[in-house]
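Let's take a walk through a protein model together.

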Amino acid sequence: MFKAIRVFVVLCYFFFIALIGSLLCLFRPFNPDNTRICGRMFSWGGLKLLGMKITIEGAEHLTKLPPSVVVANHQDNIDLFVHGSVVPYRTVSIGKKILRYIPLFGQVYWLAGNILIDRSKTKQSVNAMTQTTVALKENRTSLWVFAEGTRDRGEGLLPFKKGAFHMAIDAGVPIVPICASNYAKHTDLAKFHSGEVIIKVLPPISTQGMDKSNVDELLALTHAKMKQTIEQLDLRVLS
């Protein structure tokens, strides 16, 4: 019963912030810092309502961050509340076109300047790649990517798709890994204090001097660093 009430309250908060965020974005549509501001609002109250304790480490790596490709692990729908606390300045993301049909959230996601694509259509995917290069190089905007391509449900880091690493090398910008402990597996929303999550921002990985032949190498390096870090964070959370 407690869990059902908590989920209902969190959903109400979600739509309330989506409404506030939409109104904010109407006054500054497509501003690349809208995502960070909205992310903070979702995270601030959402984590409290979920009963989750969050610890952030390595935040200094986000200070004065140049245009970068941010790669984070994707566990659950409440990643919005968890990762919203660390979205860097002037950062947008790539999302599925279907997101625009979620009431209020779809509007704020679009107005925040995020890039919506239909992955089933090759032409749109290619156009999205062009948009991301422009965003990274010309608009000096960072790009947030869940490189696994789907939720891992807290069962451990899944293999990465190559898109994020192609974009980083094409634009000549660093990869910034952001790791969250596997909260989706250990959080119990039926408890008042539902769980703990540690987020760790790793030092940027340079792509200078790399070309397309280095994509697999960059992907493997990033995946290995993140996998090791997430496993270490899990040990700390469970100890």
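What you see is a predicted model, so local features need a pLDDT of at least 70 and side-chain atom pairs count only at pLDDT 80 or more, while totals for chains, interfaces and linings use all residues. Residues are numbered from 1 along each chain as its sequence is written, and side-chain values use heavy atoms, with hydrogens and water left out.

How confident is the predictor, then? pLDDT is its confidence in each residue, on a scale from 0 to 100. The protein averages 89, and 92% of the residues score at least 70. Where pLDDT is low, the predicted coordinates should not be read in detail. As for the names, helices (H or I, at least four residues) and strands (E, at least two) are DSSP runs, numbered from the N terminus.

Now for the inside. In soluble globular proteins, nonpolar side chains tend to be buried together. A nonpolar core here is a set of buried Ala, Val, Leu, Ile, Met, Phe, Trp, Tyr and Cys residues joined through side-chain atoms within 4.5 Å. "Buried" means under 20% relative accessible area, "exposed" means over 50%, and "partly exposed" is in between (1.4 Å probe, protein chains only). The largest core has 35 residues, and F42, M52, F81 and I178 have the most contacts inside it. Helix 1, helix 2, strand 2, helix 3, helix 4, strand 6 and strand 7 (195-201) each bring at least two residues to this core. Helix 1 gives the most, with 6 residues.

Zoom in on M52. Which residues does M52 touch, not counting those up to four places away in sequence? They are L47, I78, V82, Y183, T187, S194, G195 and V197, where contact means heavy atoms within 4.5 Å. There is also a second, separate core of 28 residues, which includes L143, F160, I198 and V215.

Next, the rings. Rings of Phe, Tyr and Trp (its six-membered ring) pair if their centres lie within 6.5 Å; planes under 30 degrees apart count as stacked, over 60 as edge-to-face and the rest as tilted. Searching the whole structure turns up 9 aromatic pairs. One of them joins F30 and W110 edge-to-face, at 5.1 Å centre to centre and with 80° between the planes. This pair links distant parts of the chain, 80 residues apart: F30 sits in the loop between helix 1 (2-27) and helix 2 (34-50), and W110 in helix 4 (residues 105-111). F30 counts as partly exposed, at 43% relative accessibility, and W110 is partly exposed at 43% too.

Now look at F42 and F105: their ring centres are 6.2 Å apart and their planes are at 65°, so this pair is edge-to-face. F42 in helix 2 and F105 in helix 4 are 63 residues apart. Are these two buried or exposed? Both F42 and F105 are buried. Ring pairs also link F14, F15, F42, F81, F105 and Y109 into a cluster.

On to the charges. A salt bridge is a side-chain nitrogen of Lys or Arg within 4 Å of a carboxyl oxygen of Asp or Glu, and the count comes to 6. Among them, D76 meets R153 at 3.5 Å, N to O. D76 is in the loop between strand 2 (69-72) and helix 3, and R153 is in the loop between strand 5 (142-145) and helix 6 (163-171), so the pair ties together parts 77 residues apart in sequence. Another salt bridge joins K185 and E155, at 3.7 Å, N to O. K185 is in helix 7 (residues 183-186) and E155 in the loop between strand 5 and helix 6, so this pair ties together parts 30 residues apart in sequence. K185 is partly exposed at 48%, whereas E155 is exposed at 59%.

E231 and K227 have their closest N and O atoms 2.7 Å apart, and both lie in helix 8 (residues 215-238), 4 residues apart, about one turn of the helix.

Last stop: D79, in helix 3 (residues 79-83). D79 is buried yet has no salt bridge, and the nearest side chain of opposite charge, R151, is 7.4 Å away. For charges, Lys and Arg count as positive and Asp and Glu as negative, while His and the chain ends are not counted. Leaving aside neighbours within four places in sequence, D79 is in contact with N73, H74, G84, F146 and Y183.

Key. pLDDT = per-residue confidence, 0-100.
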